[in-house]
Amino acid sequence: MSNVYLVRTNQKINFARIHLDALTVAQNSTKWSKHNEIESYNESILFHLASAYGSFLREIAEKYSFDASKVGTLFDLEAMFEESGQESPERNELWSLEQSEVSWLHKMLAAYAACWKAIDNHSARASDTVSISEIHVVQINPNHAEDSDILAEYKQWLNEFRSLVERLRSDMQEW
């Protein structure tokens, strides 16, 4: 087993942390390009978090001796488990997190997906199922009043993801 995905997951988590630090600096900046930098870092953090998640799915596939190159989503990994007849506490937990509209993972993936949309409407409101980050990235000219809340949300997601990865890796080593 090469552990290439373990290394990649760690790398993407570190990239997200680096961009979070840069976002903090950008928010405290007085440069004319402040808002462009903030929006850029917002999307890059989401990219690195989503990429880390995708890599972690491949890491799980690798641990169970599946063809990790065929895993792009949890659905792909789920199909491999079904086909093999194996059970996995990792897939069960990730499935629950992805499906629960109030979970940090569901919100993070929705915010990342929102990077591919655009609206010119500021009437959307954050709720238990829609994060501030998701609303922010789809707006053409977002209101930067929520920047500190978005930063806090990203930090929470990164911490939750790190904890999840550490815990699930620990559980996978026991097998």
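The following legends describe close-up views of a predicted model of one protein chain.

**View 1. Overall helical architecture of the chain.** The protein chain contains seven helices and zero strands. Read from the N terminus, its elements follow the order α-α-α-α-α-α-α. Of the 175 residues in the chain, 43% are buried. Among contacts with a sequence separation of 6 or more, 57% join residues 24 or more positions apart.

**View 2. Packing of helix α1 against helix α2.** Helix α1 spans residues 4-27 and helix α2 spans residues 34-63. Their axes come within 8 Å and cross at roughly 165°. Because angles over 145 degrees count as roughly antiparallel, α1 is described as roughly antiparallel to α2. The crossing of this pair is left-handed. Sorted by class, the residues in the contact of α1 with α2 comprise 17 nonpolar, eight polar and seven charged.

**View 3. The largest nonpolar core.** This core has 41 residues, of which L77, L94 and F161 touch the most other members. Two or more residues are contributed by each of α1, α2, α3 (74-84), α4 (89-99), α5 (104-114) and α7 (147-174). The greatest contribution is that of α2, which supplies 11 residues.

**View 4. Surroundings of F161.** F161 is one of the residues that touch the most other members of the largest nonpolar core. When residues up to four places away in sequence are not counted, the contacts of F161 are T9, I13, A52, Y53, F56 and W104. One of these partners, W104, also takes part in the contact between α4 and α5.

**View 5. Packing of α3 against α4.** Two packed helices are described by the angle between their axes and the distance between the axes. For α3 and α4, the angle is about 145° and the axes lie 11 Å apart. This crossing is left-handed. On the α3 side, L74, E78, F81 and E82 meet R91, L94, W95 and E98 of α4. By class, the contact consists of four nonpolar and four charged residues, with no polar residues.

**View 6. Packing of α4 against α5.** The axes of α4 and α5 come within 6 Å, and the two helices cross at roughly 60°. This angle makes α4 oblique to α5. The crossing is right-handed. From α4, the contact is made by L94, L97, E98 and Q99, and from α5 by W104, L105, H106 and L109. These residues divide into five nonpolar, two polar and one charged. Of the α4 residues shown here, L94 and E98 also meet α3, and L94 is one of the residues that touch the most other members of the largest nonpolar core.

View 7. S65 is located in the loop between α2 and α3. Most residues other than glycine have a negative phi. In S65, however, phi is positive, with a value near 65°. The relative accessibility of S65 is 64%, so this residue counts as exposed, the cut-off for exposed being over 50%.

Conventions:
Residues numbered from 1 in each chain as written. Predicted model: local features only at pLDDT ≥ 70, side-chain atom pairs only at ≥ 80, totals over all residues. Heavy atoms only, no water. Axes fitted to C-alpha atoms, helices over the stretch in contact; angles between N-to-C directions. Helix = DSSP H or I, 4+ residues; strand = E, 2+ residues; numbered from the N terminus. Parallel < 35°, antiparallel > 145°, perpendicular 65-115°, else oblique. Left-handed = near helix turned anticlockwise from the far one by under 90°. Nonpolar A, V, L, I, M, F, W, Y, C, P; charged D, E, K, R; others polar. Core = buried A, V, L, I, M, F, W, Y, C linked by side-chain atoms within 4.5 Å. Buried < 20%, exposed > 50% of the residue type's maximum accessible area, 1.4 Å probe, protein only. Contact = heavy atoms within 4.5 Å.
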